[in-house]
Amino acid sequence: MTVTLADVAARARVSPATVSRVLNGNYPVAASTRERVLRAVDDLDYVLNGPASSLAAATSDLVGILVNDIADPFFGIMAGAAQTQIGGPGDGSGRAGGEKLAVICNTGGSPERELTYLTLLQRQRAAAVVLTGGAVEYPEHQAAMAAKLAKMADAGTRIVFCGRPPLPEGDALVAALAFDNRGGGRRLTEHLISLGHRRIGYVAGPPERTTTRHRLEGHREALRGAGLGDAEAWDEERLTVHGPYDRRSGYEATLEILRRDPTVTAVVAANDTVALGACAAVRDQGLRIPQDISVAGFDDLPFSVDAVPALTTVRLPLFEAGARAGRLAMGKENPPPGGIATIAAELMIRGSTAPPRVG
């Protein structure tokens, strides 16, 4: 059943005129009243102009691209690539053709902001939404996301995941392009083990993120495959420190790992930015890379090859994945079989890893 403006007014205990003023922003309204109206809008999932049945399935020229942090190259590369397919030139005449207006929505990693942006895009009848990066695994948030995306899909919005797995429940997707984070994490640690490393620290990302869990699971699969996990399961936790996906986290977590176990000979970082912080911490302890401690990252961001020494990492085809997500959002490419595609990760061996020093 369509939610009307009158329904919102009744829920917020105000007049329909007041609801219109809040939504249009063209008349001063008391802050408490405005908050009450907006809460009612969210509770009822009201979409502006919802009663107009002739527009019920119509979409606009707007495409939303949700990112955790546009300043992070991981997200910036994918968003930029998607935009080349969404808002790129049409026939070269300079006139608007089949393009859409791509809008970048920076969530800051907040589940609440993610849902808020989806609601705003829903009200604008976005033609498509591309959600990038790992998902938050809180059950309540996943249920709310599934419900929201299903309503958007029913209204004609195309939903594409880029760099994240599909939700446990919900079939509203056009496609989910998921990176093989688990396989990449396993191959990276297997490389270190093949060099002779046995005491390996791990700087993980936020524990509630799918990306964090999958990369860490791959790391621990490699340890157990080499007989290092089962007998020393307590070390898995002792030599793992979680934190944000930023340089400071890499620095502080590496210092903590070295404090917990000075015999560590290698540190695996959750991503390349975290790895830079890890490298700085190692050097500040008077240690050399890789002679004393090897350091490895993940993602193969542009700066990783220019680090000194160049960073061993796992390459994810971020630009290619973003461009494909853009094509899927625009209907330029057919979805993969079953709507889900796993994108391979490639190990890039460089100078930051070497056999541990003996003696």
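How many residues does helix H12 have, and how far does helix H12 reach from its first C-alpha to its last? The legends below begin with this helix and describe a predicted model.

**Figure 1. Helix H12 of the predicted model, residues 318-330.** Helix H12 has 13 residues and reaches 18 Å from its first C-alpha to its last. This span is close to the 18 Å expected at 1.5 Å a residue. The helix is followed by Gly-331, whose phi is positive, near 75°.

**Figure 2. The buried residues of helix H12 and the elements against which they pack.** Buried in this helix are Leu-318, Ala-321, Gly-322, Ala-323, Ala-325, Gly-326, Leu-328, Ala-329 and Met-330. In an α-helix there are 3.6 residues a turn, so residues three or four places apart point the same way.

**Figure 3. Arg-324 in helix H12.** Arg-324 counts as partly exposed because its relative accessible area, 23%, lies between the limits of 20% and 50%. Leaving aside residues up to four places away in sequence, Arg-324 touches Leu-177, Glu-333, Pro-336 and Ala-341. Arg-324 and Ala-82 are 242 residues apart along the chain, yet their C-alpha atoms are separated by 7.1 Å.

**Figure 4. The largest pocket and its lining.** The volume of this pocket is about 580 Å³. Its lining comprises 20 residues, of which Asp-42, Thr-116, Thr-119, Leu-120 and Arg-123 are the closest to the centre. At least two lining residues come from each of four helices: H2 (16-24), H3 (31-44), H5 (111-123) and H6 (139-154). Helix H5 gives the most, with six residues. By type, the lining divides into eleven nonpolar, three polar and six charged residues.

Figure 5. Is Lys-148 buried or exposed? Lys-148 is buried, because its relative accessible area of 9% is under the 20% limit. The side chain of Lys-148 is joined to that of Thr-119 by a polar contact of 3.0 Å. Thr-119 is also one of the residues closest to the centre of the largest pocket. When residues up to four places away in sequence are not counted, Lys-148 touches Asp-45, Leu-115, Leu-118, Thr-119 and Gln-122.

Technical notes. Residues numbered from 1 in each chain as written. Predicted model: local features only at pLDDT ≥ 70, side-chain atom pairs only at ≥ 80, totals over all residues. Heavy atoms only, no water. 1 Å grid on protein atoms, 1.4 Å probe; cavity = no way out; pocket = protein on both sides within 12 Å on 5 of 7 lines; lining within 4 Å. Points joined across faces, edges and corners; volume = space filled by probe spheres on them. Nonpolar A, V, L, I, M, F, W, Y, C, P; charged D, E, K, R; others polar. Expected span 1.5 Å × (residues − 1). Buried < 20%, exposed > 50% of the residue type's maximum accessible area, 1.4 Å probe, protein only. Contact = heavy atoms within 4.5 Å. Polar contact = N/O pair within 3.5 Å; in protein donor to acceptor, adjacent residues only side chain to side chain.
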